[in-house]
Amino acid sequence: VQLQAFGGGTVQAGDSLTLSCTASGFNISNYPMGWFRQAPGKEREFVAGITWNSRDRYYPNSVKGRFTISRDDAENMVYLQMNSLKPEDTASYSCVCAYGDNWSPRRMKYWGKGTQVTVSS
């Protein structure tokens with residue numbers, strides 16, 4: 001089982017970036033999927049979640065209105081569209097598979113390796 005995020009990079013404040021996550025070894029269609037981020041010296045932060053049927057999406061206030069999560073079950077992939085990026089969005093972003101709609105980091109079924117996003121001012 002593997003989750004691999006990619007698409008990170010260094011951008012300027014106000015730019016957009018789309019992260020992708022490819023899953024292997026299991027079928028994501030049965031699970032809620034999401035994204036977390038972690039900046040140096042800070043705790044992991046939930047940034048987006050999507051239910052197994054894409055009916056509901058969840059975001060914290062820090063990214064609501066700027067980030068959009070989506071999924072393509074046929075391709076076994078999850079995406080995070082990030083707009084109007086801010087320096088405080090700088091972090092390593094990881095894709096996750098959840099057991100259910102509890103987005104506590106302790107309640108994740110699988111964690112992927114992160115991809116670094118750096119936003120310069």
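Me: Which residues are linked in a network of salt bridges?

Reply: The general idea comes first. Side chains of opposite charge can pair when their charged atoms come close. In this predicted model, the network of salt bridges links Arg-37, Glu-45, Arg-66 and Asp-89.

Me: How many salt bridges does a search of the whole structure find?

Reply: The search finds 5 salt bridges. One of them pairs Arg-37 with Asp-89, with 2.9 Å between the closest N and O atoms. This pair links distant parts of the chain: Arg-37 belongs to strand β4, whereas Asp-89 lies in the loop between β8 and β9, 52 residues apart.

Me: Is Asp-89 buried or exposed?

Reply: Residues under 20% relative accessible area count as buried. Asp-89 has a relative accessible area of 0%, so Asp-89 is buried. Arg-37 is also counted as buried, because its relative accessibility is 6%.

Me: With which residue does Arg-66 form a salt bridge?

Reply: Arg-66 forms a salt bridge with Asp-89, and their closest N and O atoms are 2.7 Å apart. Here too, distant parts of the chain are linked: Arg-66 is in the loop between β6 and β7, 23 residues from Asp-89. Both Arg-66 and Asp-89 are buried.

Me: What is the N to O distance in the salt bridge of Asp-73 and Arg-71?

Reply: The distance is 2.8 Å. Asp-73 has 29% relative accessibility and therefore counts as partly exposed, whereas Arg-71, at 12%, counts as buried.

Notes: Residues numbered from 1 in each chain as written. Predicted model: local features only at pLDDT ≥ 70, side-chain atom pairs only at ≥ 80, totals over all residues. Heavy atoms only, no water. Salt bridge = Lys/Arg side-chain N within 4 Å of Asp/Glu carboxyl O. Helix = DSSP H or I, 4+ residues; strand = E, 2+ residues; numbered from the N terminus. Buried < 20%, exposed > 50% of the residue type's maximum accessible area, 1.4 Å probe, protein only.
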